[in-house]
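Here is a short briefing on helix packing and aromatic pairs. Keep the structure open alongside the text.

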Amino acid sequence: MKKVAEEKKKKRLNVAQKRFVVRCLAQFMSPTEVADLVEEDLGVEMSRQAVEAYDPTKFMGQKLGDELKKLFWEERKKFVDDESNIDVAHRSFRLRELGKLYRAALKDGKDVIAAQHLEQAAKERGGLFTNTRKLKVDDKRKTLADILGVKPEEIPDRVN
């Protein structure tokens with residue numbers, strides 16, 4: 001068993017493994033999370049400090065090679081720009097998960113928690129957690145006057 005542990009420590013990352021570490025860091029994973037993932041998935045033990053050497057935003061990563069730096073920034077941009085691949089970013093996913101939580105709470109006899117899940121689902125469905133607002137304007141002149149801080153009669157009928 002001791003020999004296996006020593007072999008883990010002695011392994012160096014190959015190019016594909018380095019790219020894996022860089023991609024994880026570009027997606028805002030912490031060095032600790034990346035180190036744990038590398039050990040679980042790749043069987044290579046890395047310290048948090050060793051992982052930081054692959055992050056060009058950290059002091060330790062300033063000497064990272066140009067190819068890996070370029071990969072980091074490409075992956076970071078792709079990750080920031082594309083939220084379509086993040087499941088919790090989609091309202092339908094969140095509602096489905098809230099439904100599961102509601103049913104589990106109800107099954108366990110936790111009525112208060114079940115009610116909280118229903119309330120959250122209603123808020124989610126109603127758009128409370130979005131930045132979009134629907135504004136219904138009946139009297140355009142009055143609404144514009146309120147926005148401008150003037151009386152409705154002070155607004156001209158037409159501006160040429």
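Rings of Phe, Tyr and Trp (its six-membered ring) count as a pair if their centres lie within 6.5 Å. The model is predicted. Searching the whole structure turns up 2 aromatic pairs.

**Aromatic pairs**

- F28 and F79 form a tilted pair, with ring centres 6.0 Å apart and planes at 50°.
- F28 sits in the loop between helix 2 and helix 3 (31-42), while F79 belongs to helix 5, so this pair ties together parts 51 residues apart in sequence.
- F79 is partly exposed, at a relative accessible area of 25%.
- F72 and W73 make an edge-to-face pair, 4.9 Å centre to centre with 85° between the planes. Planes over 60 degrees apart count as edge-to-face.
- F72 is buried, with a relative accessible area of 0%.
- W73 is partly exposed, with a relative accessible area of 45%.

**Helix 2 against helix 5**

- Two packed helices are described by the angle and the distance between their axes.
- The axes of helix 2 (residues 15-26) and helix 5 (residues 66-81) come within 8 Å and cross at roughly 40°.
- That angle makes helix 2 oblique to helix 5.
- The crossing of the two helices is right-handed.

**Contact residues**

- Helix 2 contributes K18, R19, V22, R23, L25 and A26.
- These meet E67, L68, L71, F72, E75 and R76 in helix 5.
- The residues of this contact divide into 6 nonpolar and 6 charged, with no polar ones.

Methods
Residues numbered from 1 in each chain as written. Predicted model: local features only at pLDDT ≥ 70, side-chain atom pairs only at ≥ 80, totals over all residues. Heavy atoms only, no water. Axes fitted to C-alpha atoms, helices over the stretch in contact; angles between N-to-C directions. Helix = DSSP H or I, 4+ residues; strand = E, 2+ residues; numbered from the N terminus. Parallel < 35°, antiparallel > 145°, perpendicular 65-115°, else oblique. Left-handed = near helix turned anticlockwise from the far one by under 90°. Contact = heavy atoms within 4.5 Å. Nonpolar A, V, L, I, M, F, W, Y, C, P; charged D, E, K, R; others polar. Phe/Tyr/Trp six-rings, centres within 6.5 Å; stacked < 30°, edge-to-face > 60°. Buried < 20%, exposed > 50% of the residue type's maximum accessible area, 1.4 Å probe, protein only.
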